[in-house]
Amino acid sequence: MSADRYVTHGILFDTGSDRLKPESAAVIKSIAAGLQANPDLKLKIEGHTDSTGDAALNLDLSKRRAAAVKQVLVAEFQIDAARLTTDGLGATKPLEPNDTPQGRAQNRRVEFVKQ
């Protein structure tokens with residue numbers, strides 16, 4: 001949590017879904033621990049998708065994914081919801097080209113930005 005932006009690849013979702021996969025728990029737990037250890041820390045949770053499918057649907061999906069992460073942090077780890085904002089950017093900010101399965105996987109991510 002020392003950088004201004006933290007990119008995660010361990011927060012996983014089924015394709016086309018905003019339901020968190022169980023294997024996401026460890027990464028979310030570490031984010032929660034960082035928030036609990038730093039009570040003044042506020043984060044924006046940004047959801048990202050790959051470029052597969054409709055851009056408008058991807059934008060909505062990325063917003064729902066960010067909201068799902070916030071919901072877990074608030075409900076399961078008692079993080080104050082006022083410390084977390086969410087946004088979805090769809091496929092507008094890829095980390096890798098979307099022309100390979102590996103590139104698309106890298107682009108399906110959640111980023112945390114210090115506020």
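This is a predicted model: local features need pLDDT of at least 70, side-chain atom pairs count only at pLDDT 80 or more; totals for chains, interfaces and linings use all residues.
I started with strand β2, residues 43-48, and found it mostly covered, with 5 of its 6 residues buried (under 20% relative accessible area, with exposed over 50% and partly exposed in between, using a 1.4 Å probe and protein chains only). Strands here are DSSP runs of E, at least two residues, and helices are runs of H or I, at least four residues, numbered from the N terminus.

Residues are numbered from 1 along each chain as its sequence is written, and side-chain values use heavy atoms, with hydrogens and water left out.

Next I looked up partners (two strands pair if DSSP finds at least two bridges between them). β2 pairs with strand β3, residues 84-88, in the parallel sense over 5 bridges. I found Lys44 opposite Thr85 in β3. Between β2 and β3 the chain passes through helix α2, residues 55-77, in a right-handed β-α-β crossover (with the strands pointing away from the viewer, the path from the first strand over the helix to the second runs clockwise).

Then I checked strand β4, residues 109-114, which pairs with β2 in the antiparallel sense over 6 bridges. Glu46 has Glu111 as its bridge partner in β4. I noted that β4 is mostly covered too, with 5 of its 6 residues buried.

Last, I looked at strand β1, residues 5-8, which runs antiparallel to β4 and is joined to β4 by 4 bridges. Arg5 stands opposite Val113 in β4.
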